[in-house]
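Here are a few friendly notes to read alongside the model. They start with the whole chain and then move to single residues.

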Amino acid sequence: LGAAAEYACKCLRDNQVHCEKLRGRLLEKLSIHLGKETVHAHGPKSPKDRLPNTLSVGLRNVHSGELLGSIGHKVAASAGATCHSTTSVSSVLQAMRIPNDLARGTLRLSVGPKTTMVDVDRAALIIAKAANKHL
């Protein structure tokens with residue numbers, strides 16, 4: 001049991017580092033494709049204080065519901081916060097004081113231990129191409 005626990009702890013740390021790298025790359029690629037003025041990561045300023053596997057990102061002047069309608073069959077993502085509604089900005093994003101032009105375009109994207117850099121690059125490009133059609 002001790003060896004299993006030790007292995008689980010090692011895997012947990014390795015997965016955390018892997019996911020943090022992927023999350024950072026996803027944000028970087030979205031910013032490159034759409035521009036830093038369009039892309040804004042929500043949450044704590046320091047990436048180390050964010051969940052390692054989740055990127056909450058606002059795309060200025062994009063409606064996340066419409067964007068998901070065009071990419072939902074290619075990229076697994078969700079709109080806004082868990083309590084997001086199609087007609088209004090979520091109370092969570094309001095409490096975080098996210099401006100409406102970013103909150104309406106908020107996507108939640110997750111990566112995992114089996115996600116690759118190629119997966120992240122492909123997802124960023126798909127999202128960016130679709131978002132550019134909405135800008």
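This is a predicted model: local features need pLDDT of at least 70, side-chain atom pairs count only at pLDDT 80 or more; totals for chains, interfaces and linings use all residues.

**Notes on the fold**

1. Let's begin with overall size. Taken along the principal axes, the C-alpha atoms fill a box of roughly 50 × 30 × 25 Å.

2. Next, the layout. You will find five helices and four strands, and from the N terminus on they run α-β-β-α-β-α-α-β-α. Among the contacts with a separation of 6 or more, 73% are between residues 24 or more positions apart.

3. How much of the protein is buried? Of its 135 residues, 36% count as buried. The protein exposes about 8,000 Å², and 57% of that is supplied by carbon and sulfur atoms.

4. Now the inside. The largest nonpolar core has 26 residues, and those with the most contacts inside it are L30, V57, L59, L67, L107, L109 and I127. At least two residues of this core come from each of helix 1 (2-34), strand 1 (39-41), strand 2, helix 2, strand 4 and helix 5. Helix 5 supplies the largest share, seven residues.

5. Leaving aside neighbours within four places in sequence, L107 is in contact with L55, S56, V57, L59, S64, L67, L68, S78, G80 and I127.

6. Helix 2 deserves a look of its own. Within this helix, which spans residues 64-71, the buried residues are S64, L67, L68 and I71. Seen down the helix axis, these buried residues fall within an arc of 100°, so they line one face of helix 2. An α-helix has 3.6 residues a turn, so residues three or four places apart point the same way. What lies over the buried residues of helix 2? The cover includes strand 2 (54-59), strand 3 (78-79), strand 4 (106-110) and helix 5 (117-134).

7. A103 counts as buried because its relative accessibility is 0%, where the cut-off for buried is under 20%. Leaving aside neighbours within four places in sequence, A103 is in contact with V89, L93 and I98. A103 and H40 are 63 residues apart in sequence, yet their C-alpha atoms are 9.8 Å apart in space.

8. Finally, two backbone details are worth checking. Most residues other than glycine have a negative phi. N61 is not a glycine, yet it has a positive phi of about 65°. The place of N61 is in the loop between strand 2 and helix 2. R97 is also a residue other than glycine with a positive phi, near 60°, and it lies in the loop between helix 3 (91-95) and helix 4.

9. Are these two residues buried or exposed? N61 is exposed, with a relative accessible area of 54%. R97 is exposed as well, with a relative accessible area of 74%. Both values pass the cut-off for exposed, which is over 50%.

Terms used. Residues are numbered from 1 along each chain as its sequence is written. Side-chain values use heavy atoms; hydrogens and water are left out. Buried means under 20% relative accessible area, exposed over 50%, partly exposed in between (1.4 Å probe, protein chains only). The arc is that of the directions from the helix axis to the C-beta atoms. Contact means heavy atoms within 4.5 Å. A nonpolar core is a set of buried Ala, Val, Leu, Ile, Met, Phe, Trp, Tyr and Cys residues joined through side-chain atoms within 4.5 Å. Accessible areas come from the Shrake-Rupley method with a 1.4 Å probe; for residues, only the protein chains shown count as cover.
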